[in-house]
Amino acid sequence: MTNSMQNGAQNQSQNHVQNSSQILEKDLHEKFVFYGKNAREWMRKCALLLPEINRLRIWEKKGFENIYEYARILAGMSTNAVNDALRILKKVEDKPELKWVIDKKGINAVRPIIAIATQETANFWAEKAMEMSKNTLECYVKEFKKEHTEAKITKSIFRPSTESGHSQNLFSELKMELDPKIVDQLNKLKGQGNWNELMQKLLDAYQAQIEANKPIPQENAKRYVSAKIKNHVLVKTNNTCAFPDCTKEYKYLHHTWRFALTKTHDPDTLIPLCKAHERLAHAGLIENENQPPQFWKIKLEANKTSEKWQKVDKWVSKYYT
Ligand SMILES: [Zn+2]
């Protein structure tokens with residue numbers, strides 16, 4: 001055998017060892033994922049039985065000290081897990097729709113809606129819990145509460161409008177720590193006017209400056225967004241999520257008309273969003289999505305006959321959940 005032949009044989013056997021160890025690792029991992037999935041499913045089934053076992057004091061009849069010992073020894077459940085299961089299952093007692101969600105996705109899946117769902121709305125919330133990940137659902141509930149308790153925001157004050165006694169404007173307070181020189185300048189600019197008008201003027205000037213440098217849309221584009229467009233879009237919110245009232249850092253540049261449908265990166269409809277708000281957009285739950293983000297709010301149902309849903313969001317949200 002020549003040297004090179006020997007080397008060749010050695011390489012081959014090394015490759016062989018490498019391949020078989022890769023196969024072993026893949027196999028171990030796949031088994032773990034499979035068993036883990038099943039373990040979780042069985043644990044969910046155990047949790048669902050706990051209220052009834054507790055009510056009938058079956059643990060006592062079987063010689064256990066209490067329900068905790070029973071669940072720990074027989075199913076490896078922690079005290080916290082038992083308390084949690086009993087507490088949450090008590091709350092869904094009269095809501096079979098939510099019980100069904102727990103059966104399919106576990107207790108965590110209903111946690112965000114447990115305080116908000118009523119018997120009347122359980123069906124609505126169960127649907128949302130099935131369609132969304134826990135994080136997206138949390139975000140949705142937050143927006144939902146905001147919209148339905150707007151008048152209760154403690155930081156805000158009502159002022160009767162000067163025109164008519166009926167309509168009221170909502171003002172929010174914003175506390176800022178500023179350099180005294182800046183304060184002096186701002187006070188001068190405000191003069192005899194009011195802060196709202198001054199701030200609007202400053203914002204308009206800032207936005208006009210950004211608009212003046214707006215790049216043209218990239219048409220027939222690839223996925224990649226040009227630096228020019230990206231910078232323009234991000235400077236509008238200073239890298240912040242554009243959803244009303246959200247101050248999280250952006251994570252995605254969201255195409256409100258869906259890139260897959262337009263193949264265009266349009267600086268006017270490319271919107272920086274945090275993860276949760278991007279998920280809500282793809283759940284089809286943003287009202288007025290085709291308008292600028294200041295007009296956005298969440299909606300109750302996605303329009304599942306729209307092209308956006310049929311061709312894009314349906315698949316994206318499937319992937320996310
Ligand atoms: Zn956000």
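**Exercise 1.** Locate Asn239 and determine whether Asn239 is buried or exposed.

*Solution.* Asn239 is placed in the loop between α10 and β3, where helices (H or I, at least four residues) and strands (E, at least two) are DSSP runs numbered from the N terminus. The model is predicted: local features need pLDDT of at least 70, side-chain atom pairs count only at pLDDT 80 or more, and totals for chains, interfaces and linings use all residues. Residues are numbered from 1 along each chain as its sequence is written. The next step is the neighbour count: a residue is buried if 20 or more other C-beta atoms lie within 10 Å of its own, exposed if 12 or fewer, and partly exposed in between, with C-beta atoms placed from the backbone. Asn239 counts as exposed because it has 12 C-beta neighbours inside 10 Å. Finally, Asn239 has a positive phi of about 65° although it is not a glycine.

**Exercise 2.** State what phi Asn238 has, and classify its exposure.

*Solution.* The phi of Asn238, which is not a glycine, is positive, at about 55°. Asn238 lies in the loop between α10 (227–237) and β3 (252–255). With 9 other C-beta atoms within 10 Å, Asn238 is exposed.

**Exercise 3.** Classify the exposure of Val235 and give its C-alpha distance to Gln207.

*Solution.* Val235 belongs to helix α10. Because 13 other C-beta atoms lie within 10 Å, Val235 is partly exposed. Val235 and Gln207 are 28 residues apart in sequence, and their C-alpha atoms are 9.7 Å apart in space.

**Exercise 4.** Describe how α7 and α12 cross and which residues meet.

*Solution.* The axes of α7 (residues 134–148) and α12 (residues 275–282) come within 9 Å and cross at roughly 90°. Axes are lines fitted to C-alpha atoms, for helices over the stretch in contact, and angles run from 0 to 180 degrees between N-to-C directions. Therefore α7 is roughly perpendicular to α12, a class covering 65 to 115 degrees (under 35 is roughly parallel, over 145 roughly antiparallel, the rest oblique). Asn135, Thr136, Cys139 and Tyr140 in α7 meet Ala276, His277, Arg279 and Leu280 in α12; contact requires C-beta atoms, placed from the backbone, to lie within 7 Å.

**Exercise 5.** Identify the members of the largest nonpolar core that touch the most other members.

*Solution.* A nonpolar core is a set of buried Ala, Val, Leu, Ile, Met, Phe, Trp, Tyr and Cys residues joined through C-beta atoms within 7 Å.

Technical notes
Contact = placed C-beta atoms within 7 Å.
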